[in-house]
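Subject: Structure handover and notes on its cavities, a pocket and confidence

Dear colleague,

I am passing on the structure below, together with notes on what was found in it. Please read the notes beside the coordinates.

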Amino acid sequence: MRPIFEVADVLRLGLAKHEARHPLSEVQRKASNAILNCRTSALGGHMEVCTGCGVLSPSYNSCRHRACPKCQWPAQVRWVQKRMGELLNTEYFHIVFTVPHALSPLFLSNDVRLYNLLMRCAWETLDQLARQPQWLGARPGMLAVLHTWGQKMDFHPHVHCVVPGGGVLPYGTWKPARKGFFVPVRVMSALFRGKFLAALKQMRQTGSLEYHGSAAALAEDGAFKSLLRDLYKTGWVVYAKAPMGGPAQVLKYLGRYTHRIAISNRRILGIADGRVTFSYKDRQDKDRDKVLNLTVEEFVHRFLMHVLPPGFHKIRHYGLLAARNRTTKLLAAQLELAPEPQGEYPDSGLVVDEQLPTRPCCPVCGSHERLKLEVLPPKVFRANQSRPAARAPPERAALFLLR
């Protein structure tokens with residue numbers, strides 16, 4: 001069922017007020033415009049007629065922006081279909097690398113540099129430890145997905161990693177990890193902290209860091225050194241969830257995390273009196289469902305913080321799963337592990353030949369059989385003209401045409 005409220009509705013109410021206080025970057029402006037125009041007459045579309053009852057309704061084009069809550073499902077399905085052939089018949093581990101909140105100002109001032117550093121240090125930590133004989137003694141693989149938000153849409157950069165339970169030995173054979181265990185979390189945490197802070201100090205020495213907003217005070221040597229001392233004393237959170245048993249669980253994970261954005265439309269519960277109410281899971285309280293109420297300006301501010309820099313790849317493959325190894329080392333490991341035959345995985349909820357979402361049904365009779373009648377060209381709006389708020393296919397517009 002279609003959500004009643006959308007992120008686009010909040011942007012229409014609060015974007016102008018937010019921009020008056022916080023100028024938008026070019027990438028934030030493009031993302032906002034894409035979300036506002038998604039599935040409206042601004043992007044054009046076509047008129048459809050239901051073959052069952054003859055109702056006419058417009059179907060507008062999608063923006064396909066990666067920050068848009070309405071455009072992720074088809075992209076997610078296509079991406080998962082491409083990854084089907086890369087699964088190994090082994091258990092998988094889900095490991096999450098996080099950084100302390102004290103680093104948030106630096107991340108906001110140096111997003112591309114520190115996002116790259118975060119993902120690189122996560123892989124180097126895992127690779128170095130997995131190669132050591134006491135843990136695995138083989139070259140692992142890793143699929144990493146960058147997330148920058150918490151459940152409340154606060155700024156919380158972290159990397160979700162999917163790691164096969166084993167690795168490839170120097171002479172090419174597969175070595176499995178111990179059942180239910182890959183690398184100790186405490187060792188990973190300490191090594192990850194050391195690698196990240198060492199690289200951060202080097203970036204400071206070469207003048208690669210910038211200091212804006214709340215990070216301006218860190219331009220002073222004394223403040224930066226004090227921050228580093230505190231970070232070395234802080235325990236960095238690296239945790240591993242229960243291992244995923246095999247391809248079925250991996251597919252569920254990929255579908256949940258790879259194309260997720262800061263908030264989905266379904267989590268927005270209400271918009272009234274200049275405030276937005278949405279649901280979230282409280283990680284500090286056993287994942288209980290709770291409700292948060294923010295002003296529209298604060299909601300817009302938090303949402304736009306998580307629009308990634310242009311051209312940034314938030315999904316990356318390392319080691320055994322890297323692109324250059326897919327037809328060599330990965331293929332050899334798949335043959336050695338005797339993967340399950342292609343088809344439906346038991347209890348997975350996903351199938352290999354999963355189809356993209358079908359077109360929306362008729363708002364009157366529910367039929368999916370609809371014919372295209374004419375193309376609706378995109379509309380050009382003046383600067384002082386409000387954008388369309390209708391969504392496509394808009395049920396109210398379709399019912400209006402019946403009168």
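I will start with the second largest cavity, whose lining residues divide into 7 nonpolar, 1 polar and 2 charged. Please keep in mind throughout that this is a predicted model. The residues that line this second largest cavity are Arg83, Glu86, Leu87, Tyr92, Leu143, Val162, Val250, Leu254, His317 and Leu321, and the space inside the cavity comes to about 100 Å³.

A search over the whole structure gives 2 cavities of 30 Å³ or more, and the largest cavity holds about 150 Å³ of space. Its lining is made up of 13 residues, among which Arg66, Ala67, Trp149, Ile261 and His306 are the closest to the centre of the cavity. By class, the lining of the largest cavity consists of 8 nonpolar, 2 polar and 3 charged residues.

Turning to the open spaces, the second largest pocket has a volume of about 560 Å³. There are 24 residues in the lining of this pocket, and those nearest its centre are Ser25, Gln28, Leu108, Asp111 and Met305. Helix H2 (26–37), helix H4 (104–109), helix H5 (111–131) and helix H9 (296–304) are the elements that each contribute two or more residues to that lining, which by class has 12 nonpolar, 10 polar and 2 charged residues.

Helix H2 also packs against helix H1 (residues 7–21): the two axes come within 9 Å and cross at roughly 145°, and the crossing is left-handed. On the H1 side the contact involves Val7, Ala8, Leu11, Arg12, Leu15 and Glu19, which meet Arg29, Ser32, Ile35 and Leu36 in H2. The residues of this contact comprise 6 nonpolar, 1 polar and 3 charged.

Finally, some words on confidence. The average pLDDT of the protein is 84, and 84% of the residues score at least 70. Where pLDDT is low, predicted coordinates should not be read in detail.

With best regards

Methods: Residues numbered from 1 in each chain as written. Predicted model: local features only at pLDDT ≥ 70, side-chain atom pairs only at ≥ 80, totals over all residues. Heavy atoms only, no water. 1 Å grid on protein atoms, 1.4 Å probe; cavity = no way out; pocket = protein on both sides within 12 Å on 5 of 7 lines; lining within 4 Å. Points joined across faces, edges and corners; volume = space filled by probe spheres on them. Nonpolar A, V, L, I, M, F, W, Y, C, P; charged D, E, K, R; others polar. Helix = DSSP H or I, 4+ residues; strand = E, 2+ residues; numbered from the N terminus. Axes fitted to C-alpha atoms, helices over the stretch in contact; angles between N-to-C directions. Left-handed = near helix turned anticlockwise from the far one by under 90°. Contact = heavy atoms within 4.5 Å. pLDDT = per-residue confidence, 0-100.
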